[in-house]
Amino acid sequence: MLLPACSTSRSMRRWAARRRLPADRPPHPGARTMSFTSLHWGAYRPQVEGGKLTALLPAEWDTHPSPIGDSVAQAITSPTRVMRSAVRRSFLEKNGGCPQLRGQEPFVEVSWAVALDLVAKELQRVRREYGNQAIFGGSYGWGSAGRFHHAQSQLHRFLNCIGGYVSSTDSYSLGAGRVLMPHIVGNMDWLLAAHTSWNNLAEHCELFVAFGGLPAKNAQTSPGGASDHLLVDALQRMSDAGVQFVNVSPLRDDLAGPTHNQWLAVRPGSDTALMMALCWVLISEGLHNEDFVQRYTVGYERFRDYLLGYTDGQPKDPRWAAALTDIPAEQIVELARRMASKRTMINVAYSLQRSIHGEQPFWMTVTLAALLGQIGLPGGGFGLGYGCMNNTGSGRKAFSGPRFSQGSNPIKAFIPVARVTDMLLNPGTSFDYNGQQQTYPDIRLVYWAGGNIFHHHQDLNRLLEAWKRPQTIIVHEQFWTAQARYSDIVLPATTALERNDIGSSASDRFMIAMQQAIEPVGESRDDYSILAGLAERLGVEQAFTEGRDAQAWLQFIYDESRERAETFEIALPDFAQFWRDGLLEIDYPPTDNVLLKPFRDDPDTHPLPTPSGRIEIFSERIAGFGYADCPGHPVWLDKPAPTHALHLLSNQPKTRLHSQYDHGSYSRASKIQAREPLTLNPLDAQLRGVVDGDVVKVFNERGAFLAGVIVSDGIRPGVVQIATGAWFDPLVHGEPGSLEKHGNPNVITLDVGASSLSQGCAAQTASVEIVKWDQAVPPVTAFEPPPLL
């Protein structure tokens, strides 16, 4: 379905009226409202006056638009914008010297010609002296919602053209889950695209048990765009239909809205024990579906013997679980019986697997659902991340839109994405990953485009030490984040509003022609132009560009996607028509999505892509790896003993995407005395003599940061919560252990792998203490650029 790019609200009355946000403003009489653009948190119409972006107007059809868009107009030209190419002073003056001064000294602004010559020279030097295996191009980050100007894809294509690079695999968000799930059910991307639709759940589900909740703040976004926000209305439809919800989370607000909504304030990290006790009740009371586990699973008997205590002498019963979870045994028994008596959907949030032994809650979710025997039935089964991304459960066709080829990487060395610090500190040492033993490469040059490692990595003081090891660090950046400040060469990149692109995300409602709204700010260039300039200098221009400019590439990748679209029964118009009309609506398939329905209907004709073709409650393959921290079936493994009294949860923010636009108005308005808010229970606040609005120091053996206090009974005692994404702002730049004064929790999170299987992020396993800050509060300087010469 095509909509005119300049349609008026009158022509869009078939969509429900959009909820009006407090920050909404009517268009200024002198402003020009552009066609649509796509950002990770929504579809908008840019409003431009005198060549300057003045507002982003949410799309007319979106009933719950994200307020993150309110930050963009002011932030895009703020003083923190990188306006010109810049080189760290001693790196420029001493021919690449003094890596220990990263983050501490001025930058010298230079012309594009000087900057590109310097980058090309460094790439040539490292390739000549050490080989391409000394270049790390992990470049982890969401970057742009566009399918062409996706910074990571652009950089990887360029690096492949010059001989390859050391890559990273998996994600910080879903590292343990992405490695585990192909062994026991199937690939995560396939599963997410096939999730049972919200419409089906509203019609057929009776009980929705949400381990980790369904936080609406997380569902503001999707990689590639969230053109129509679904969660709030979906929960309302389910609530109106009488669906009962159970929020298993330390945070009450992790599931808000439904009428019938029970909160089980579980102890962080104990969800696996709770699931095991639920399974114990199902088996002990004969409530499990024996026929299902015999026909559709393998390894049930081995898990059952462990669960009942035959193998280790410890039955995983409700009394055992009550001591670990703080959920009374009687409540566990009652919940198990409810789940067995109703059409039940079990959902697990991504956050549960971002911990030590993070594979276990995902594996147990599948196992618990298998015992109930409702997998593949309407309204029942399991979900892996409803509420974690906007498009999960949309029910729309899973066409992801055009793709920009990265080419082939000749360098086979890689790391799990969350092991960057280990790689830099320990070159040549071995590590386990998914049944393989690999070796950390010796990295001399880091090239980064899109992302902010000082946001998403753990134990930032340890990272600061590791960040001194490479000889050269190059970044493309739009703003003076810590990623830019702690680099050697900074190349100014455009934002999505300063270039043409195509916005598209698998299972999202619209594919959007992202037409340039404003001219590039300062001397910024898009990543393609930057890398094309380098490709020319390094003799690979034809291989990288194939003779196309950016607009020609847009048409090329769009045309290439038309054949793939046909496999989804989507007929794309020609590119000129799409570009004129501005957006294309993706239809629903003829029938509702029900996860694994074909498998349930006929497991022999539609086997799963596992070694057995069945759900693997016991995995011979994983057992064969011999990992004590992730054996062949779900197990309860004790977490390390906490070193402090409070458990720290560092979850996704409400006011930004990760650290993107933390300098914007919406994010900054949420701060308390300019610090990121930290929520704690009244009992914990009273014990420490703090009240709403105070500033506290949060600390453990890895470091300390300042935060502003919110006291709430919506968090269980013994737990504190703070969002990730506050820009890293130490009191003394470059000094490991310096007090971080803005509220970045990754100063004190744990930088270890979830297990030997996945090496995933384990940030949610962290204990801290807090004390009231009784000194003068230091100013936040995170949004000030470094001195520029």
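Which residues lie nearest the centre of the largest cavity? The views below, taken from a predicted model, begin with that cavity.

**View 1. The largest cavity and the residues at its centre.** W142, G143, G451, L657 and Q660 lie nearest the centre of the largest cavity. They belong to a lining of 46 residues. The space inside the largest cavity comes to about 730 Å³. By the rule applied here, the model holds 4 cavities of 30 Å³ or more.

**View 2. Elements and residue classes around the largest cavity.** Two elements are picked out in this view: α16 (453-456) and β20 (472-477). Each gives the lining of the largest cavity at least two residues. By class, 25 residues of this lining are polar. A further 17 are nonpolar, and 4 are charged.

**View 3. The second largest cavity and its lining.** About 50 Å³ of space lies within the second largest cavity. Its lining includes P99, Q100, R102 and Q104. L464, W467 and K468 also line the second largest cavity, as do Y486 and G734. The classes split into 4 nonpolar, 3 polar and 2 charged residues.

**View 4. The annotated domain, residues 99-537.** An unreviewed UniProt entry places the feature "domain: Molybdopterin oxidoreductase" at these positions.

**View 5. N95, a residue with positive phi.** Most residues other than glycine have a negative phi. N95 is not a glycine, yet its phi is positive, at about 55°. N95 sits in the loop that runs between α2 (89-93) and β7 (107-109). Is the residue N95 buried or exposed? N95 has a relative accessible area of 58%. The cut-off for exposed is over 50%, so N95 counts as exposed.

**View 6. N434, in the loop between two strands.** The loop holding N434 lies between β17 (430-433) and β18 (436-439). N434 also has a positive phi without being a glycine, with a value near 50°. Its relative accessibility is 21%. Buried requires under 20%, and exposed over 50%; N434 therefore counts as partly exposed.

Terms used
Residues are numbered from 1 along each chain as its sequence is written. This is a predicted model: local features need pLDDT of at least 70, side-chain atom pairs count only at pLDDT 80 or more; totals for chains, interfaces and linings use all residues. Side-chain values use heavy atoms; hydrogens and water are left out. Helices (H or I, at least four residues) and strands (E, at least two) are DSSP runs, numbered from the N terminus. Buried means under 20% relative accessible area, exposed over 50%, partly exposed in between (1.4 Å probe, protein chains only). UniProt positions are given in the numbering used here, feature names are shortened, and annotations may be inferred rather than shown by experiment. On a 1 Å grid over the protein atoms alone, a cavity is a set of points where a 1.4 Å probe fits but cannot get out, and a pocket is an open set with protein on both sides within 12 Å along at least five of seven lines; lining residues have an atom within 4 Å of a point. Grid points are joined across faces, edges and corners, and a volume is the space filled by probe spheres set on the points. Ala, Val, Leu, Ile, Met, Phe, Trp, Tyr, Cys and Pro count as nonpolar, Asp, Glu, Lys and Arg as charged, and the others, Gly among them, as polar.
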